[in-house]
Amino acid sequence: RPYQVDGFHFLAYLAANGFGGILADDMGLGKTVQSLAWLLWLRSLPGNEGRPSLVVCPKSVIDVWADEAAKFAPALRLRIPRTGDPVPGEGHLGEADLFVLNYAQLRIQADVLERVPWLAVILDEGQQIKNPDSKAARVSRQLKADHRLVLTGTPIENRLLDLWSLMAFSMPGVLGNRAYFSKRFDRRKDADA
């Protein structure tokens, strides 16, 4: 659909200019499809062949990624380690182009995942890291990736700090550190802020 093409162009623009980002759209409008197109495009660029990417999403969304990848990106070798399976470490990277994990696996296997040089990391239902003090948020910020993307329908749910947390993952430092952001922008009684 035209808006999905626009979304893909937005993601390509971000990547081409060294930016991470947030793709915020309502549920069911194709954030997964746009992300898969973006991953295929990234993999086609010189030097990116064979480099794996990571998607972290709620357990309930894992099968959506499997179905959409089979339908729209069958060339991607997809691996979904189930709970209890080892997550991809240095010895398993050649097994797949795209690994899809849930947030519990991210938290539990942080030490392994943080050592992998990912081509891209996508956090689906990114509001899972809206609390910057949560373990999922802290671990996600430690992941090594050339490209970072957050997918969410609700970039701001309860407070402006939610947005800071998403951006601290996708574009570290662009909104300043947490104290600066809170002082400058998250002043609830200041209409100008």
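Q: Before we start, what does contact mean here?
A: Contact means heavy atoms within 4.5 Å. The model itself is predicted.

Q: Fine. Which strands does helix α3 lie across?
A: Helix α3, residues 62-72, lies across β2 (53-57), β3, β4 (98-102), β5 and β6. Its direction runs at about 160° to β4.

Q: And α7, which strands does that one touch?
A: Helix α7 packs on the sheet and touches β1, β5 and β6. The direction of α7 makes about 150° with that of β6.

Q: In what order do the strands of the sheet come?
A: Six strands form an open sheet in the order β1-β6-β5-β2-β4-β3, and the pairing is parallel.

Q: Which strands stand at the edges?
A: Those are β1 (21-24) and β3 (78-79). Each has a single partner strand, so one side of each is left without a neighbour in the sheet.

Q: How many bridges join β5 and β6?
A: Strand β5 (residues 117-124) pairs with strand β6 (residues 144-152) in the parallel sense over seven bridges. Within this region, Leu-123 stands opposite Val-150 in β6.

Q: Changing topic: at what angle do α6 and α7 cross?
A: The axes of α6 (residues 135-142) and α7 (residues 161-170) cross at roughly 30° and come within 8 Å. The two helices are therefore roughly parallel to each other.

Q: Which residues make that contact?
A: From α6 there are Ala-137, Ser-140 and Arg-141, and from α7 there are Ser-165, Ala-168 and Phe-169. By class, the contact has three nonpolar, two polar and one charged residues.

Q: What about the largest nonpolar core, which members touch the most others?
A: Leu-54, Leu-106, Trp-118 and Ile-129 do, out of 27 residues in that core. At least two residues of this core come from each of β2, β4, α4 (103-108), α5 (110-113), β5, α6 and α7.

Q: Which residues does Leu-54 touch?
A: Leaving aside residues up to four places away in sequence, Leu-54 touches Leu-98, Phe-99, Leu-101, Trp-118, Ala-120, Val-121, Ile-122 and Leu-143. There is also a second, separate core of 26 residues, which includes Ile-62, Ala-73, Leu-76 and Leu-151.

Q: What does Lys-31 touch?
A: Not counting residues up to four places away in sequence, Lys-31 touches Leu-23, Asp-25, Asp-26, Leu-151, Thr-152 and Gly-153. Lys-31 and Val-150 are 119 residues apart in sequence, and 10.0 Å apart in space from C-alpha to C-alpha.

Terms used: Residues numbered from 1 in each chain as written. Predicted model: local features only at pLDDT ≥ 70, side-chain atom pairs only at ≥ 80, totals over all residues. Heavy atoms only, no water. Axes fitted to C-alpha atoms, helices over the stretch in contact; angles between N-to-C directions. Helix = DSSP H or I, 4+ residues; strand = E, 2+ residues; numbered from the N terminus. Parallel < 35°, antiparallel > 145°, perpendicular 65-115°, else oblique. Nonpolar A, V, L, I, M, F, W, Y, C, P; charged D, E, K, R; others polar. Pairing = 2+ DSSP bridges. Core = buried A, V, L, I, M, F, W, Y, C linked by side-chain atoms within 4.5 Å. Buried < 20%, exposed > 50% of the residue type's maximum accessible area, 1.4 Å probe, protein only.
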